[in-house]
Amino acid sequence: MYLSTIFLLLNLISLGYCGVLSAVFNFFKKSHKHKTLETDDQKILNITYDFIVIGAGSAGAVVAARLSENQNWNVLLLEAGGAESFLMDIPQNVHLLQQTGINWDYKTEPSDSYCLGMIDNQCRWPRGKVMGGSSVLNYMIYTRGNRNDFNGWAKRGCDSWDYKNVLNYFKKIEDSDVYETFPDYRGRGGNVGLTKEFWRSPASEFFLRAGMELGYPTVDYNGPTQIGVSFVESNIKNGHRHSSNVAYLYPVRDRPNLHVKKNAQVTKILINPFTKTAEGVEYYHENEIHKVFASKEIILSAGAVNSPQLLMLSGIGPIEHLTEMGIKVISNLPVGYNLMDHIAPMIVIACDSCLSPSAEFSRAFTHLINYFDNSTGPLNNPGGCESLLFLDSQSNRPSVNGIPDLELLQTAGGINFIISSNMGLKRDIIYNMYRYSDVRDKNTFMVLPMVLRPKSRGRIYLRDTDPLSPPKIIPNYFADPYDMELAIIGIRKIQELLQTQAMRNIGAQVVDLKLPGCLHLPFDTDIYWECYFRHLTFNIYHYSGTCKMGSHRDFTSVVTPRLNVRGIRNLRVVDASVMPEIVSVNSQLIDSLLQFWGKGQSMLWQEKPDQTKLDDTYDFIIVGAGSAGCVVANRLSEIINWKILLIEAGGSENLLMDVPQIVHLLQQLDVNWGYKTAPSNKYCRGMVNHQCNWPRGKVMGGSSVLNYMIYTRGNPRDYDNWSKMGNDGWNYANVLPYFNKIETAHLQGINMTAGYRGTNGPITVSTDFWRSRMAKAFIKAGLEMGMPMNDYNGPTQIGISPIQSNLKRGFRQSANVAYLYPIQNRPNLHVKKHSLVTKLIFDKSNKVITGVKFIQDKRTFYVRAKREVIISAGAINSPQLLMLSGIGPAKHLKKFDINPIVNLPVGYNLMDHAAPGAITLLCNHTNTDFNRVMDQFNMNFVNFMQRAKGPITGPGGCESVLFYDSDNPTSRDGYADIELLQLGGSVTSFPTFRNNFGIDPYIYETMWGDLESQARGAFMVFPMVLRPKSRGRIMLKSDSPQKFPVIYPNYYQNYKDIETSIKGIRLLQKMLQTDAMKQLNVRMLERKVPGCENYVFDSDEYWECYTRTFTFTIYHYSGTCKMGPPSDKEAVVSPRLRVYNISNLRVVDASIMPEIIAGHPNGPTMMIAEKAADMIKEDWHYT
């Protein structure tokens, strides 16, 4: 650029314009003076400085200048770019600067939602790589923002950041020539020169008049109010850009205690991992890595892209992302999140008399002389930015006290070839723009409708661990529909301006740019403008928020209000990346979301990280981090001499998964294995393809993350029966201490029997959650029937009760949260996520298990176990893994060419609790409480996020339960064979219900379509068969571990289960005759199920057909690796859970249950794991 200017001047002289000679000499004289004012590059650095400032941009230059005011402090300023030159500070040259080496030249990741008109669907993200940073590259518009922005920061806990406090620092910056307007608000004598006095095109005057015609006042938008119209205030001084380098560093160039190192890119902050103290930096200069140290602090001022990148490269960032990158995590913080930017699509306006600076090219000679002589003329125009209007779109009429959400920025000229290149426009767009649109041969200007408080948030990711690689930038423009809606309001406001007399006088009209990709849409419709904005997504280079500032309560923050990086000593971030959330229209919802997200981040930081580098050998390898595996991992790792590896096929649990009412959505996510039963005509007939969905958790915590959080132990007789079957040590007296060890019980209104409930265990068991009126009516009905209000996890089970749920402070408490979070830092426990164990490894004798084989990211790994491998993969995956490894029914294994090493009945004895689901109960309310919860979900979710209270705390709608012994209906100490499970809503209450159960769409529409469309009040009760006689089987489908096994549940194979199911329906009908139910006019939906039309409604035959049609699994799969004594030919494991005929192998999960318990098995599975851990310790002589 410098050489091209010289050649231009020489050509002018050669053409006879000798009068320009003095101007040329004057220009070079100024340029040379400019160069001599630049701070020298320090050739030899000290080993240690008091402060190291990273980045000499808008913030870093200021910090370096101010800190070096203390003569006793040695300050080092490191800048990745080189010197600022005089040519860079010619305001109208700004368009050219992005084409030079002073631009980092970042690009966003390709998107199909924005930047569609840019090459490769990538927006350019210019950033200054030069002394002065982006203050050398930007368009020199000086604005403070609105006072409410800063007051909002303070309200969010950022003390001393309210407008009253920051105003003094704004004034300290400024040397404004509009000081006299509001002397209490404006600064004079500061470092940065500010002016509104520069050359402007006629369009700016017309724009100002148009705004005034619409009722907007002329305003000093950096004064007490912001709403109104104004010429741009620019950081220009004496006709030249006044960058932070020029303003702050030029005056202190001779300060001996300030050293500046240019062309030095910092690649890593050196942090002591033990003391968590920032001690120095590594930087790259002239192809070599150098180190320098700081005795006091390191101050990171590299901007909203580079600052988070450098923190993450240094081990400070989101644990999952850093672990994925193979970076050792020093501090787990949400670095890179909360990325914000202002976007403003370019609206081109044609006019009759609105010359731009570029249109003045015919007088270039005169303008050059004027600028070189006295810095006047079009070249001192700040890149065409001339006037602007701040407005509040929510106000029907202009109000000076409003809070602006839109800025209309008027710029001289249209989209010329330089701007097209800067934007990275696609060739076909440029071609159409100049060939077919009305823009040719016309004077133009532009107005950019800028969304000032966007709701969309993006993120900065590392691309790799190379500090010289650009990070991944995902701005997520228009992710929130609000931003698009506001942008379209902006274009409508522009059109209002064009209807004023001022604009009609110059014939101003919006140009149809004939955008390819939008040609099929009618011009000037909202849908056209949405297409336009998604194509010409022009960002204003205002990147911020990625190292968010917040109070100690704000877990979404990276730095404190004093800008210290959380958890790291001697490290601060000082740049735009610290800006917290921008104030939005619905601040309550945003605050709540931030608080909730903060809790979520805090939760992620507590989770045991993925171990990137494994040891070759561990004492114990546990397969599966579910309800059992988490418990076993915790208890075995209590022995500090034992090294434990826990392998999980899924990924991390997050806070959203633990929001109780969100449970319905989880089955639609990849945390669900997504199993289905084999098609059958005897059950699941109302489901798609006659297959029942069998969800299973594929996540840290397993199915304890996916289930409906109902905590039951079963009946004491369950365990006494296990013992009678030959399983010594498994009677209720033996297992009761382990149940108590698991739990901390908090039951409101229910008497607990001493000695039967735990008070100090990892799992909180609670009845403290929201319930509907239906639940209260259900309990009253049970009491009317003579059922006692009972603690069903106490000495007896029979009775009615609110659900006891594993909830703590309103959130699900999974096995992962309860057992692994508290031991996150236990060094002898390693966790490997997203890793599928595919085979057990035998020794040469095929008698001893020595390790496992697993795959992660399509790579195969082997790891050895010195003592044991413990399979805790659940009743589907555990038998599958055994069979794939050669342990199972020999005949079956041979079908798949698997060598049957140990012939055992693996996969048999499959049990589950099933219920005739979706029995719909209507009531006289047009809408039930639960339906209202769904209708008012946003409001309820705000309440939940703020206080963890309200309807969102309900465990998936499961509210109350009745346990009943149909053989001994009057006994208070019966052995329940029926459970009535009451839910606050029906299958129509939540959109995902039908998908979760896989109900055939035709049947759903026939049965419940009108209920959904009319929003009629309804709820459900599931009559569950607690002690089924039918048994199913798990079988291999293939020898491939990635192929799901075949699941044959064989529901209702034993007709006794049908009879018990019908008894449950009759029990429910008896409840409907109580006064409690009659008061609400509760009655069954009397509508015949498709396929059951030939049966008399309410006959036993009809209900059998109904049960076989709507076979709802309750997800209680068990028994497929049956526990039994050596004499039990159906047993796979011994009472000490060792797999028969093989050494160093156990199974610890619900698959070992010889008979299914009369309740929900999540609690009993954790009990099994607690007892197993003690047995393992005993067997290895640790007690």
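## Burial and the cysteine 1092–cysteine 1105 pair

A residue counts as buried when its relative accessible area is under 20%. By that cut-off, cysteine 1092 and cysteine 1105 are both buried. The structure described here is a predicted model.

Cysteine 1092 and cysteine 1105 are joined by a disulfide, with an S to S distance of 2.0 Å. The torsion about their S-S bond is about -85°, so this disulfide is left-handed. The two partners lie 13 residues apart and link distant parts of the chain. Cysteine 1092 sits in the loop between strand 46 (1083-1084) and helix 32 (1100-1109), whereas cysteine 1105 belongs to helix 32 itself.

## Disulfide count

A pair of cysteine sulfur atoms is taken as a disulfide when the two are within 2.5 Å. The count by this rule is four disulfides. A disulfide is a covalent bond between the sulfur atoms of two cysteines. Among the four, two further pairs are described below.

## Cysteine 115 and cysteine 123

The sulfur atoms of cysteine 115 and cysteine 123 are 2.0 Å apart, and the two residues form a disulfide. About the S-S bond of this pair the torsion is about -105°, so the disulfide is left-handed. Cysteine 115 and cysteine 123 are both buried.

## Cysteine 684 and cysteine 692

Cysteine 684 is bonded to cysteine 692 through a disulfide, S to S 2.1 Å. The S-S torsion of cysteine 684 and cysteine 692 is about -105°, which makes the disulfide left-handed.

Both partners fall under the 20% cut-off for burial. Cysteine 684 has a relative accessible area of 0% and is therefore buried. For cysteine 692 the relative accessible area is 1%, so this residue is buried as well.

## Other cysteines

Cysteine 385 has a relative accessibility of 5% and so counts as buried. Cysteine 1121, with a relative accessible area of 0%, is likewise buried.

## Annotated transmembrane regions

An unreviewed UniProt entry places the feature "transmembrane region" at residues 6-28 and at residues 49-67. In the predicted model, the span 49-67 is 42% helix and 32% strand.

How values were computed. Residues numbered from 1 in each chain as written. Predicted model: local features only at pLDDT ≥ 70, side-chain atom pairs only at ≥ 80, totals over all residues. Heavy atoms only, no water. Buried < 20%, exposed > 50% of the residue type's maximum accessible area, 1.4 Å probe, protein only. Helix = DSSP H or I, 4+ residues; strand = E, 2+ residues; numbered from the N terminus. UniProt positions renumbered as here; feature names shortened; annotations may be inferred.
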